[in-house]
Amino acid sequence: MTQNQISDNVKVAARPESGAEGIIIRGIGGIYTVACGTNLYDCRPRGIFRHESVKPMVGDMVSLAPDRENGSGFVITEIKPRKNSLVRPSVANVDCVLFIIAAANPKPDLMLLDKLILSVRQKNAGVILVINKSDIDGAAAESIRKDYINAVDGGVFIVSLEGKNAEKDADMIKEAIPEGVTVLCGQSGVGKSTLTNRLLSRKAMITGGLSAKTERGRHTTRHSELFDAGGGKYVIDSPGFSFFDAFDIAPKELPDFYREFDGRGLCRFQDCSHTGEPDCCVKELLSEGLLSEGRYERYKEIHKELLAKEKNKYR
Ligand SMILES: Nc1nc2c(ncn2[C@@H]2O[C@H](COP(=O)(O)OP(=O)(O)O)[C@@H](O)[C@H]2O)c(=O)[nH]1
Ligand SMILES: [Mg+2]
Ligand SMILES: [Zn+2]
């Protein structure tokens, strides 16, 4: 069995009808694989996309046709309008983002996680948080859970995707994943490909250890790929990354993307930035445990960063 099948019984059809529609499941070296039902087609994008600097993305719904110009192969003739798209990883039409963070190895980067969550809430997709490798440091996993319990709408799950509970834990995650397209996202080495394989009950993706030298995740996964996990649920495994600067939010809009602030308008000032003003709702949120100290400290950091960015913009 190759690692490239969208389902376990793929038949590759000879030629799709002109105007056939499908979804891009991966793109490697400018060749995009499109699934039409259970048939897979390797396609080149039509030249016009390059012209308009439109790049097909995994998750794109497309039309394809035989490549008449070249006499063989297939070509993507149209990209359907996108519901949304993410920059990192570069995927389209996402219903939910499932962030994986490791309790340890690699060291959790909560600032990165907060920025990523913000960027997803900006795109109107759901968020699930999975804290993996609890076998290495259960206390660290629990502390991260406490930090995020009110931060995401799709649930926070502590798991260990290797070891005796792995299967049960993967089943719990599968249950939590909504129908539609869910992209697995997070630093390298946290267990995205391990989870993909568990959800599919086969070795669809290669997994890798940590680099002993840098203690950071090795980039074992280099491309995004969409799989059918059954029950109308599709998951995309993606490459890891360790920085994120692609979000663009006006400082005064920042609270809109914190779930903890949803429905709170109880500050003295209407345009309260929640960074130290008197009679601010933050005090109450913190004391009631609805906003964690960690999330708030990082909120203030991010707010500062966005203010500096805004100043630079108009200089
Ligand atoms: N100790 C421990 N190791 C794990 C767990 N889950 C995954 N790993 C290991 O972590 C390494 C990186 O996993 P991988 O799935 O390739 O991470 P990815 O880069 O996020 O796709 C592999 O060696 C896995 O075997 C876990 O729950 N506990
Ligand atoms: Mg991987
Ligand atoms: Zn306030």
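**Ground rules.** I'm working from a predicted model, where local features need pLDDT of at least 70 and side-chain atom pairs count only at pLDDT 80 or more, while totals for chains, interfaces and linings use all residues. Residues are numbered from 1 along each chain as its sequence is written, and chains are lettered from A and ligands numbered from 1 in the order in which they are written.

**Ligand 1.** I looked up the surroundings of ligand 1 and got 21 residues, counting a residue as near if its C-beta atom, placed from the backbone, lies within 6 Å. The closest are Gly191, Lys192, Ser193, Thr194 and Thr207. Which helix gives the most to this shell? I find that helix 5 (residues 192-200) does, with 3 residues. Helices here are DSSP runs of H or I with at least four residues, strands are E runs of at least two, and both are numbered from the N terminus. By type I get 14 polar, 4 charged and 3 nonpolar residues in the shell.

**Helix 5, one more stop.** Thr196 is in helix 5. I have it down as buried because 24 other C-beta atoms lie within 10 Å. The cut-offs: buried is 20 or more other C-beta atoms within 10 Å of a residue's own, exposed is 12 or fewer, partly exposed is in between, with C-beta atoms placed from the backbone. Thr196 and Ile236 are 40 residues apart along the chain, yet their C-alpha atoms are separated by 8.0 Å.

**Cores.** Next I checked the nonpolar cores, meaning sets of buried Ala, Val, Leu, Ile, Met, Phe, Trp, Tyr and Cys residues joined through C-beta atoms within 7 Å. The largest has 65 residues, and Val34, Leu64, Val97, Leu98, Phe99, Val130 and Ile131 touch the most other members. Its largest share, 7 residues, comes from strand 8 (residues 96-102). Domain 1 (20-80) and domain 2 (86-237) each put in at least three residues; those bounds come from an automatic or database domain assignment. I also noted a second, separate core of 6 residues, including Cys272, Cys281, Val282 and Leu285.

**Strand 8.** Ile100 is in strand 8, and it counts as buried because it has 26 C-beta neighbours inside 10 Å.

Most residues other than glycine have a negative phi, and most peptide bonds are trans. So I listed the exceptions I came across:

- Arg88 and Pro89 are joined by a cis peptide bond with omega about -5°, and Pro89 sits in the loop between strand 6 (85-86) and strand 7 (91-92).
- Asn105 to Pro106 is cis too, with omega near 0°; Pro106 is in the loop between strand 8 and helix 2 (110-122).
- Ser201 has a positive phi, near 55°, in the loop between helix 5 and strand 12 (225-230).
- Asp279, not a glycine either, has a positive phi of about 50° and lies in the loop between strand 13 (233-237) and helix 6 (281-287).

I checked exposure for the last two: Ser201 is exposed, with 12 other C-beta atoms within 10 Å, and Asp279 counts as exposed with 11.

Technical notes: Nonpolar A, V, L, I, M, F, W, Y, C, P; charged D, E, K, R; others polar.
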